[in-house]
Amino acid sequence: MKLFEFEAKNVFSKYGIPVPKGAVVSSAADVKEIASPVAVKAQVLVGGRGKAGGIKFATNPGEAKKAVGDIIGMSIKGYKVRQALIEEKLDVGKEIYISFMIDRAARAPLLMASTMGGVDIESVPDKDILKIHIPPLIGMQPFIIRELRRKLGLEKALADQVADIAQRMFKMFKAEDAELVEINPLVITKDGRVVAGDAKVTIDDNAMYRHKEYARVEQDLTPLEKEAKDKGIAFIQLDGDIGVIANGAGLTMATLDTLNKKGGKGGTFLDLGGTDDPEKVKEAFELLMKANPKVILMNIFGGITKCDTVAIGVKEALEAQPAKVPVVARIRGLHEEEAKKILKDAGMVPVDTMEEAAEEAVRLRGK
Amino acid sequence: MAVLLDENSKVLVQGITGHQGQFHTKAMMDYGTKVVAGTSPGKAGEKVNGVPVFDAVAEAVAATKADTSIIFVPAPFTKDAVVESIEAGIRLVVIITERVPFHDCLDIMPYARAKNVAIIGPNTPGIISPGRAKCGIMPSHIFKRGSVGVISRSGTLTYEVVAAMTAAGMGQSTCMGSGGDPIIGTNFVEALELFEEDKQTEKIVLVGEIGGTAEEEAARYIEGNVTKKVAAYVAGLTAPPEKRMGHAGAIIQRGMGTAESKIKAFEKVGVKVAKYPSDIARLL
């Protein structure tokens, strides 16, 4: 789960990481007096808000109100801005980059730092980035901080502050079950303070049970995706018009890929997961229907559950709520002949292979 | 020979009294796996499908000489269960459980490695050496003993690939799911190492997907280290960026982990990449 900048900065404060003074507002009317000058920043979970006009500056309450009014309601990369963070404008001397993330390949936390802050870290040449793993079973060690100081080459007073911030970030990274804690830019002000200019924090969804304080709606979900999440169904809305439902993440992706290679485009990624619960199958189909597909393509590999059991669940789901669009069904596994008969009797188009299923779905869509 | 698991493996089921634990204990035993013990704190003395239940892993190991463990306990208790197994001297731990916190896995994996214990998973269907033993939840009937080693990041997609291989008369030495999470135990490179050494294995299949760099690392390893023929499939060519596609590990982040990059890496080192999952058998 990604945190908004203001939420991430609240967590920073808890760990003693310096952040600019600020407050979050959701309308121009919320703006009272300001300690001028200020920056007004759109709160969105996607990057590139600066270029999209999501950051403005103000020197008095009137300007701040106008900036908030302009920013709230604007759309950045398809996401509507609902809140803005008003905070003290920093007198920037220097900008650095610093982050902790999980390095999957190394199975260890990775510290990255660079003197080239304030830009996308992907655009910084590798030689200008310090990359150093934190031994997972041992944790932060002094040599890592020495490396950080050496790479950044700051004068002692500043280096001390950065070193302290880095250690607090790592503490937070572990204690909050974060996938990513990133400060870009970490601002060194002209008067020698070191302050988190921005904050990107992602908390591991799997660890949410021990961090109930983060329980809230994610902004980057469509209403249908939110409904699916509440029901515990893995569902993603895509921009095609063929509704894809399959079991297992890999098989669902492979079905979408196959559809694409046959000239179609998937409108949903719906991973049914376990297939032996008729209620869940029913819920999944209801959800799929709400996405208004022109054709439905179902691809089930029976696994341990027998195919006729799955087919009965699907049949009941469609009896409860008829599909109104053609359903191409491919089902493999034990008792698949019986399953095919059940699906055919229920008005679906049974096929044998994934490729055939994709071809048939594309053909029916074209009608 | 098969890898990691064979007919001599003595399996312990952690969480044996739960619904999944009971169901799969029977399924594994029906397949011929030697399931020798189970654990479930507070339930010592009970039996599941004739298998004795113990309170603690150390006790179970002392009584039955179990050397392999399969874990069905809920995610919040998984780290504890794995460490208990490692401390008791188990050599291979298969973690079926989904949604284990990443930071728990950051503790589990290096610890297991330091203790020289192999981990499979989490979020995996497990491991099967067809005709010998199964330590997992996969449907047994699609597998056939043979000479192809399979490692995959996915469950049902593996069944799809394997069923097509079996239908074409192509059996398997060992099939394992590396797991759908970002931090996993046995990965592609480690599996390749095992399959390269294994006498029964003649060819190798990798089933990858978007997210991370396991496929790219596998490609680098294959060049110069693997003499056996390798074929691959990569799922997620049409997956949008920054979305988790069902698996916690299946996500394109900051432009990294795309299917294109993985396919390119494989093709560069001469690994044939199947257009459709069913093509794998033909490519071999």
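**Close-up views of a predicted two-chain model**

**View 1. Helix α1 of chain B lies across strands β1, β2, β3 and β4 of chain B.** In this predicted model, the helix spans residues 19-30, and strand β1 spans residues 10-14. Relative to β2(B), helix α1 of chain B runs at about 165°.

**View 2. An open sheet of chain B is built from seven strands.** Their order is β3-β4-β2-β1-β5-β6-β7, and the pairing is mixed. At the edges stand β3 (47-48) and β7 (118-120) of chain B, each of which pairs on one side only. In general terms, the strands of a sheet pair through backbone hydrogen bonds, in either a parallel or an antiparallel manner.

**View 3. Strands β2 and β4 of chain B pair in the parallel sense.** Strand β2 of chain B covers residues 34-39 and strand β4 of chain B covers residues 51-54; two bridges join the pair. Within this pairing, B:T39 stands opposite B:F54 in β4(B).

**View 4. Chain A and chain B meet through 44 residues of chain A and 48 residues of chain B.** On the side of chain A that touches chain B, the elements giving two or more residues are β8 (108-114), β13 (234-237), α6 (249-261), β15 (266-271) and α10 (354-366) of chain A. Helix α6(A) supplies the largest share of that side, 11 residues. Classified by residue type, the side of chain A that touches chain B comprises 21 nonpolar, 11 polar and 12 charged residues.

**View 5. Six strands of chain A form an open sheet with mixed pairing.** The strand order is β13-β15-β14-β16-β17-β18. Strands β13 and β18 (349-351) of chain A are the edge strands, and each pairs on one side only. On average, and with direction ignored, neighbouring strands of this sheet are turned by 15° against each other. Two strands of this sheet, β13 and β15 of chain A, are also among the elements that give two or more residues to the side of chain A that touches chain B.

**View 6. Strands β14 and β16 of chain A pair in the parallel sense over five bridges.** Residues 242-246 make up strand β14 of chain A, and residues 295-301 make up strand β16 of chain A. The bridge partner of A:V244 in β16(A) is A:L297.

**View 7. Chain A is divided into three domains: domain 1 (21-88), domain 2 (92-214) and domain 3 (223-366).** Taken over C-alpha atoms, the centres of domain 1 of chain A and domain 3 of chain A are separated by 43 Å.

Definitions and conventions:
Residues are numbered from 1 along each chain as its sequence is written. Chains are lettered from A and ligands numbered from 1 in the order in which they are written. This is a predicted model: local features need pLDDT of at least 70, side-chain atom pairs count only at pLDDT 80 or more; totals for chains, interfaces and linings use all residues. Two strands pair if DSSP finds at least two bridges between them. Helices (H or I, at least four residues) and strands (E, at least two) are DSSP runs, numbered from the N terminus. Two residues are in contact if their C-beta atoms, placed from the backbone, lie within 7 Å. Axes are lines fitted to C-alpha atoms, for helices over the stretch in contact, and angles run from 0 to 180 degrees between N-to-C directions. Ala, Val, Leu, Ile, Met, Phe, Trp, Tyr, Cys and Pro count as nonpolar, Asp, Glu, Lys and Arg as charged, and the others, Gly among them, as polar. Domain bounds come from an automatic or database domain assignment.
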